[in-house]
Amino acid sequence: SAASPPEFAADYSEKLLVFPHSYFPSDLRASGGNTDRPRGDALAAARKSRGLPEAGPLVSGFNQLWKIDAALFDAWLQIVNATSDVNASLWLPLFPDVARPNLEALAAAFDQRSPPHARGVGARIVWTPLFPQEEHLQAKALAALQLDTSVYNGHTSGADILWAGVPTLSLPGIKQSSRVGASLLRGLDLDARMLARTHADY
């Protein structure tokens, strides 16, 4: 009912089959299996082994980069900049890598608009290639928070990051593809805390 609410039924030619929890079933075995999250000294060591910053929260955006628009990316940079830890970083996949220059240009423009004491968030973007299937959940478990894309939510990637034990913040839209995060979060009873209602709330 979160992905395709009953009040949207008139917009579909098909009859809706409403599931009680989430419309998007997911199997941990298909996602890679192991979801152990390191803590304490083991967390810093695991980050170092993957070339990640050892200190500060890692805020991830593990969806494909084409799903990010300028307004959303601006919001992500504001979130990272607003954290109390100055070592907070934004962790993005090189997927596809051709998007990196455009996002770096947006980050540079964001820094230019920011007051002097708040600049430098662009230098705190961490880029990594895709991880092998057998270890991607363990790698993603190193993130502190996942930021969902809003125009087109994470589907498999959204389920995977939740399997990895990482809380996800999502902002639902009108289209079904922009309400997948809402469905996943509602299925876990996390919608009250992790589902934004407005862009400002996000």
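## Close-up views of a predicted model

**View 1. Surroundings of Ser 177.** Ser 177 touches Val 151, Tyr 152, Asn 153 and His 155, where residues up to four places away in sequence are not counted and contact means heavy atoms within 4.5 Å. This is a predicted model, in which local features need pLDDT of at least 70 and side-chain atom pairs count only at pLDDT 80 or more, whereas totals for chains, interfaces and linings use all residues. Residues are numbered from 1 along each chain as its sequence is written, and side-chain values use heavy atoms, with hydrogens and water left out. Ser 177 is found in the loop between strand 5 and helix 7, helices (H or I, at least four residues) and strands (E, at least two) being DSSP runs numbered from the N terminus. At 13% relative accessibility Ser 177 counts as buried, a term that means under 20% relative accessible area, with exposed meaning over 50% and partly exposed in between (1.4 Å probe, protein chains only). Ser 177 and Pro 20, although 157 residues apart in sequence, are 18 Å apart in space, C-alpha to C-alpha.

View 2. Helix 7 (residues 180–187) is largely enclosed by the rest of the structure, because six of its eight residues are buried. These buried residues are Val 180, Gly 181, Ala 182, Ser 183, Leu 184 and Leu 185, and they pack against helix 6 (156–163), strand 5 (168–169) and helix 8 (191–194). Asp 189, in the loop between helix 7 and helix 8, has a positive phi of about 60 degrees although it is not a glycine. Asp 189 is exposed, with a relative accessible area of 66%.

View 3. Rings of Phe, Tyr and Trp (its six-membered ring) pair if their centres lie within 6.5 Å, and planes under 30 degrees apart count as stacked, over 60 as edge-to-face and the rest as tilted. By this rule the model has four aromatic pairs. One of them is the edge-to-face pair of Trp 91 and Phe 131, with 6.2 Å centre to centre and 80 degrees between the planes. This pair links distant parts of the chain, since Trp 91 lies in strand 2 (residues 89–93) and Phe 131, 40 residues apart from it, in the loop between strand 3 (125–128) and helix 5 (136–140). Trp 91 is buried, with a relative accessible area of 0%, and Phe 62, Trp 91 and Phe 131 form one aromatic cluster. The charged end of Lys 140 sits over the ring of Phe 62, 5.6 Å from its centre, the criterion being NZ of Lys or CZ of Arg within 6 Å of the ring centre and within 35 degrees of the ring normal.

**View 4. Packing of helix 3 against helix 4.** Helix 3 (residues 70–82) and helix 4 (residues 100–113) pack at an angle of about 55 degrees, with their axes 10 Å apart; axes are lines fitted to C-alpha atoms, for helices over the stretch in contact, and angles run from 0 to 180 degrees between N-to-C directions. The two helices are therefore oblique to each other, given that angles under 35 degrees count as roughly parallel, over 145 as roughly antiparallel, 65 to 115 as roughly perpendicular and the rest as oblique. The contact is made by Ala 70, Phe 73, Asp 74, Leu 77, Gln 78 and Asn 81 of helix 3 and by Leu 103, Leu 106, Ala 107, Phe 110 and Arg 113 of helix 4.
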